[in-house]
Amino acid sequence: MEIDVIPIYLEYQKIQAEIDRREAKEAARTRIGFLAQDVQKVLPELVQTDDKGVMSIDYAGFIPLIVESIKEMQATIEAQSKQIETLLSATGGINADFRSAVSTEEANTLGEGKLYDAPGASVIYALPADYSTADLLVYDITGKLLKKIKLDNSINRIDLNSSETGYGTFIYALVVDGRKHDTLKKYISR
């Protein structure tokens, strides 16, 4: 029995051509990574140098470090969540009637308006007892005025929706009787 090697050879050439094409495409792909020299300064055990002096990084060696960092961040988040719960229970919580969070006496003794952080894009304000007019101004980080809200209670919460402001860093300014009394910088994320 005689085997015709020509069809086998042609099939081999097609397969090799496809392998070469895929390797060329992969070699031309833009990659993101670390500079081995920078990694070597911090984690020298993750950098290897061959006999020609070419450095390479053991990226799999980063996995345990990343996992441990995530565990530490999770522990921090859990600790901060407990602190927030403790603070909210101590102030009576922030709810529809949040006046317990900032007492009228505190607002009156401030002598000036004050802003307090609230969840999301919202903010709590307290005005002095003897104010005539008050406005809350919301600016984006470039200083562009996004919203001006007339305030009418001595203590209240303004619930802004992030669809009104967008996401990013914003500056809230409390203006009482034509004079800026307080500012609050907030980062609003999704």
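**View 1. A nonpolar surface patch made by Ile3, Val5, Ile6, Ile8, Tyr9, Leu10 and Tyr12.** In this predicted model, the seven named side chains share about 770 Å² of accessible area. Patch members have over 30% relative accessible area and no salt bridge, with nonpolar side chains (Val, Leu, Ile, Met, Phe, Trp, Tyr) joined within 5 Å and like charges within 9 Å. A salt bridge places a side-chain nitrogen of Lys or Arg within 4 Å of a carboxyl oxygen of Asp or Glu. Accessible areas follow the Shrake-Rupley method with a 1.4 Å probe, and for residues only the protein chains shown count as cover.

**View 2. Leu10 in helix α1.** The helix spans residues 5–28; helices are DSSP runs of H or I with at least four residues, strands are E runs of at least two, and both are numbered from the N terminus. Leu10 has a relative accessible area of 45% and is therefore partly exposed (buried is under 20%, exposed over 50%, partly exposed in between; 1.4 Å probe, protein chains only).

**View 3. Ala36 and its contacts.** Ala36 belongs to helix α2, residues 36–42, and is buried because its relative accessibility is 8%. Beyond neighbours within four places in sequence, Ala36 touches Val47, Met55 and Ile57, where contact means heavy atoms within 4.5 Å. The C-alpha atoms of Ala36 and Val54 lie 9.5 Å apart, across 18 residues of sequence.

**Notes.** Residues are numbered from 1 along each chain as its sequence is written, and side-chain values use heavy atoms, without hydrogens and water. Local features need pLDDT of at least 70 and side-chain atom pairs 80 or more, whereas totals for chains, interfaces and linings use all residues.
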